[in-house]
Amino acid sequence: MCRNIRVLHNFEPPATSDEVQAAALQYVRKVGGTTKPSAANQAAFDKAVEAVAAATRELLDSLVTTAPPKDREVEAAKAKARAAERYGR
């Protein structure tokens, strides 16, 4: 999985459309092998990002869980601690 794509399910407040769009963009960049498509591929790239964002939103809206919602700040602190341990910072 691409390291820049974050878990979006089961947060309070729910994932924003900007977060969904950013995840879709990262996915299409990874699959397409480019961060900036050529002019000839821009339309296909943009269409793919929109399709992935729509599928992601549909998935997030359909998922159910009995776990309590996670807090973004707590999860970010945990990720920072893991990174510090991993990279010795």
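Me: Which residue follows H3, and what is its phi?
Reply: That residue is Gly88, with a positive phi near 65 degrees. Do keep in mind that this is a predicted model. A glycine also comes just after H1: Gly33 takes a positive phi of about 75 degrees.

Me: Why does Asn10 count as buried?
Reply: Its relative accessibility is 15%. The cut-off for buried is under 20%, so Asn10 qualifies.

Me: What is Asn10 in contact with, leaving aside its neighbours within four places in sequence?
Reply: Its contacts are Thr65, Ala67, Pro68, Pro69 and Lys70.

Me: How do you know that the side chain of Asn10 has a polar contact with Pro68?
Reply: A polar atom of that side chain lies 3.1 Å from the backbone oxygen of Pro68. The limit for a polar contact is 3.5 Å, so the pair falls within the limit.

Me: What makes Asp71 a cap for H3?
Reply: One of its side-chain oxygens lies 2.8 Å from the backbone nitrogen of Glu73, at the N-terminal end of H3. With a cut-off of 3.5 Å for a polar contact, this distance therefore counts.

Me: How do you know that the span of H3 is close to what is expected?
Reply: H3 has 16 residues and reaches 22 Å from its first C-alpha to its last, and 22 Å is also the expected value at 1.5 Å a residue. For H1, likewise with 16 residues, the reach is 22 Å against an expected 22 Å. H2, with 21 residues, reaches 30 Å where 30 Å is expected.

Me: Why do the buried residues of H2 count as lining one face?
Reply: The buried residues are Phe45, Val49, Ala53, Thr56 and Leu60. Seen down the axis of H2, they fall within an arc of 70 degrees, so they line one face of the helix.

Me: Why is Ala54 called partly exposed?
Reply: Ala54, also in H2, has a relative accessibility of 48%. From Ala54 to Gln21 the C-alpha distance is 8.8 Å, although 33 residues separate them in sequence.

Me: What covers the buried residues of H2?
Reply: The cover includes H1. Seen from the other helix, the buried residues of H1 pack against H2; they are Val20, Ala23, Ala24, Gln26 and Val28.

Me: Why does Val28 count as buried?
Reply: With a relative accessibility of 8%, Val28 is below the 20% cut-off, so the word applies. Val28 lies in H1 and, leaving aside neighbours within four places in sequence, is in contact with Gly33, Phe45, Ala48, Val49 and Val52. Ala84, by contrast, is 29 Å from Val28, C-alpha to C-alpha, and 56 residues away in sequence.

Me: Which residues make up the largest nonpolar core?
Reply: There are 11 residues in this core: Ile5, Leu8, Ala15, Val20, Ala23, Ala24, Val28, Phe45, Val49, Ala53 and Leu60. H1 (17-32) and H2 (42-62) each contribute at least two of the core residues. In soluble globular proteins, nonpolar side chains tend to be buried together.

Me: How confident is the predictor, going by the pLDDT of the chain?
Reply: The average is 91, and 94% of the residues score at least 70. Among the elements of the chain, H2 has the highest mean pLDDT, 97, while H3 (residues 72-87) has the lowest, 90.

Conventions:
Residues numbered from 1 in each chain as written. Predicted model: local features only at pLDDT ≥ 70, side-chain atom pairs only at ≥ 80, totals over all residues. Heavy atoms only, no water. Core = buried A, V, L, I, M, F, W, Y, C linked by side-chain atoms within 4.5 Å. Buried < 20%, exposed > 50% of the residue type's maximum accessible area, 1.4 Å probe, protein only. Helix = DSSP H or I, 4+ residues; strand = E, 2+ residues; numbered from the N terminus. Expected span 1.5 Å × (residues − 1). Arc of directions from axis to C-beta. Contact = heavy atoms within 4.5 Å. pLDDT = per-residue confidence, 0-100. Polar contact = N/O pair within 3.5 Å; in protein donor to acceptor, adjacent residues only side chain to side chain.
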